[in-house]
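Please look over the two-chain model shown here. A short report on its folds, contacts and backbone follows.

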Amino acid sequence: MNIVVCVKQVPDSTEVKINPETGHLIRAGVPSIINPYDHFALQSALELKKKHNFKVTIVSMGPPQAKSVVQMGMALGADEGVLLSDMAFAGSDTWSTSYALAKAVRKIGKIDLIFCGMQAIDGDTAQTGPGVAQQLGMPQVTFCEKVDVDGRRIIAHKQIDGGYEVVEARPPVLLTMIMHKDYVPRYPSFLSINASLKKPFHIWSASDIGAEAQFLGLKGSPTQVDRIYPPPQREKAAMFTGSGNEGMAKILEIMKAEHFLED
Amino acid sequence: MASMDTISRNLMLDSLREYAKRRIPFDLIRELDEKNECPTAILKEMYDKDSLGVHLLMIPEEYGGVSGGTFDIYRICELLARIDLGIATGVFATFLGTDPLNQGGTTEQKEKWLKRIASENLLVAYGATEPDAGSDLVNMRTRAEHVVKNGKIAGYRITGNKQWISNGGIADMHTILAMAPGGPSWFIVETKMEGFSANKHEDKHGIRLSNTAGLSLDNVYVPAENLIGLEEGKGLLQAQAVFGYTRVMVAAFGLGCGLEALEHAIRYSQQRIQGGGPLSEKQGYTHKLLVPNYVRLEGARAYIEYTALKLDSGEHGLQTEGAIAKYGASEWGNKAADDAIQALGGYGFTKDFPVEKIKRDVKITCIYEGTSEVLEMTIYRGRWQEHLKSRGRYYLDMADQLDQLHANEPKVGAHASALGLRALAAILEECRVHKLTRHQHVTFTLGRLICAAETAWNFSIAAAAPKYSETIRFDREGWQAMARIFAREAALNTAAEGLALVLGAADSAGNLADAVNMEAIQIEQKGMIADMDLVSLKLKQTFKAK
């Protein structure tokens, strides 16, 4: 089988702050990482590759420096890498990004499985993966935490409230992955990073994938972002230490003072 | 070897950072430091080519390595030092131990040994220092005598003692410098060879996670094929050929330790309220303990990168540059760590916070791979020759170059750096005229002044570059302010100390006071406080309180 994994380079959310005056993300000096859900999706795909000897191609869209996540994927074991990089893509929303990724998948050729992360930690929309499936007219199973392949049967564990359901599908199918609770992201060794330089890597422009300009970038994006703002900070919780009775007495005292309880 | 592309290098740094986060948390480091224990299993894991393979940086690709260049190795060394300088030293020892092979080994020797080091994750030690021979290796006593069979040299019997050998007690193989009949020569000695033994692990002030031991060689038989380069007498040349390069690595250690300690202090200063406000808002604190140290280390970083890129472009030797890089970074790193303890007050003095350990660790960077005093001499000697050869023009030409830069980029401290270089040229010339370099104190002090003045020169140039190095975490406004602060301090110190030095040694100093142009240097100090305010703000923005 041929697998495509779609990944996104995102700012490390633990270090991103929002400028309260402009509402913009302050990205200067913030390290970029592979979106953690995509990292899990990649590892899930690479496990299947190891077990069944499938071919894995890793695809990303972004500025030239996003090559980093593609190369990391190849260092971890993907066979080939593609970066969609073109000024025409700049400012694309989830619809437009799905369109470009779908075009890239078509150019790659016959694909049996597409792995995406459930969502990216910068935008948190969870729309791009399903969008790609829709653009390709491909069935999709979302919120998977585990995927197995048995012959031509794809068996996915899809998370639902209070547990998971097992969904079977036939390829081609697109899967979006959540993170398994025991998941530990792998990082490549120095040797495999060096070896990844010798794997086939392509940078494709909009015209390389036959994408129409009217569907790309800000112009081709139906989503309009009104404004981004940090949620109002909640007041700090008061913590009491001591025995249960002492704590209860303090809490009662406060509740009375705040008029939640009557004397 | 040329360096790798930025993406590959950053992926390696990410992998190392992630490994350390998971496997070497501070609590473990603290415990090992307390117990004076070297984590051999962790080192082995870091060398495991399927896990990290950090030692592969030094090994060419054709022998199973990744062909890292000096810039790559500097970046990894800085990060290793930020993790723990003891562990960093365990990696560095293999880098160093591999060097004689890389430099002087025959193709067959490299084929055999480098491949083994790469694939079997071998820990290596570099056995040069002896109880009575440190930087002056000519005094070494370890002897290698011929063992002749059928009229041919079949091998050597090596006898002697080595001291302060990093990885000495845990290495699988050692490169040992010994006096052969044809002169000093490097030999590959395996730990399992009969007559070879390591002494106890030293109880050290710092880098306690690094195994340091003396080695005893009692009539150890080494086959002739283990003589590196298969030619006797090349040992000292092979050792000296890599000083530029190995000193960049230790410079990166000083840099990494100093910055790590300071960044702890910068974060702390934003949380600690004193007298109604955070310490980070108080000039008496920031402009003494944080800003000058950070500025000096950024100057050291720029100089390390300048030297690393020169080496990666194929220039050889660079002993003086390597010495300047290491001397500046290690002395300023040591000072920064000391001030970081002060900045953390009582917390800094306890073992609960990493700064106390960093301060003990970083001191070694002023000692190993050439003590600061040996480096002062090396720097002086290298540049004194240039001063003589150019008939005093060496630093004047560099100053002229900065004048041009200042015309285009007036905000990078180029004018102050140029004043510092002209003052230096005047002082060197005065020393020549009055034959003052007969005083060792004069020569060593000149070495120190040269280091700061040249670092200022390079910092101004680097701060004017259209695109900054991947390592610079500040915007142009912030980094240029740092270059200005560095340049002013270097110029003032060069002139004031140089003048005092000459006055202290000569019968008369002629018109040196005019020649160093102290008045112009004083005028150039204008704006210093405003720049320090700006840098203080940039530090706070870059290293936010957690």
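This is a predicted model: local features need pLDDT of at least 70, side-chain atom pairs count only at pLDDT 80 or more; totals for chains, interfaces and linings use all residues.

Residues are numbered from 1 along each chain as its sequence is written, while chains are lettered from A and ligands numbered from 1 in the order in which they are written.

**Chain B**

Chain B contains 19 helices and 9 strands; helices (H or I, at least four residues) and strands (E, at least two) are DSSP runs, numbered from the N terminus. For 546 residues a compact globule would have a radius of gyration near 24 Å, and chain B agrees because its value is 24 Å. That radius is taken over C-alpha atoms, and the globule rule is 2.2 Å times the number of residues to the power 0.38. Along the principal axes, the C-alpha atoms of chain B fill a box of roughly 75 × 55 × 40 Å.

Of the 546 residues in chain B, 58% are buried. A residue is buried if 20 or more other C-beta atoms lie within 10 Å of its own, exposed if 12 or fewer, and partly exposed in between, with C-beta atoms placed from the backbone.

The domain assignment, which comes from an automatic or database source, divides chain B into domain 1 (6-123), domain 2 (126-231), domain 3 (239-366) and domain 4 (372-532). The centres of domain 2 and domain 4 of chain B, taken over C-alpha atoms, are separated by 42 Å.

Helices α10 (residues 319-348) and α15 (residues 440-464) of chain B have axes that come within 10 Å and cross at roughly 95°. Axes are lines fitted to C-alpha atoms, for helices over the stretch in contact, and angles run from 0 to 180 degrees between N-to-C directions. Ile324(B), Tyr327(B) and Gly328(B) of α10(B) make the contact with Cys451(B), Glu454(B) and Thr455(B) of α15(B). Residues are in contact if their C-beta atoms, placed from the backbone, lie within 7 Å.

**Between the chains**

In chain B, 19 residues are in contact with 14 residues of chain A. Helix α1 (residues 6-23) of chain B gives the most to this side of chain B, with 8 residues.

**Chain A**

The domain assignment of chain A gives domain 1 (2-215) and domain 2 (233-263), and 47 Å separate their centres, taken over C-alpha atoms.

Helix α2 (residues 67-76) of chain A is mostly covered, with 10 of its 10 residues buried. Gly77(A) follows α2(A) and has a positive phi, near 140°.

Most residues other than glycine have a negative phi, and most peptide bonds are trans.

| Residue | Phi | C-beta neighbours within 10 Å |
|---|---|---|
| Ala126(A) | near 60° | 19 other C-beta atoms, partly exposed |
| Phe143(A) | about 55° | 18 C-beta neighbours, partly exposed |

Ala126(A) lies in the loop between β8 (113-117) and α4 (128-136) of chain A, whereas Phe143(A) lies in strand β9 (residues 140-150). The peptide bond from Pro171(A) to Pro172(A) is cis, with omega near 0°. Pro172(A) is placed in the loop between β11 (163-169) and β12 (173-177) of chain A.

Key: Two residues are in contact if their C-beta atoms, placed from the backbone, lie within 7 Å.
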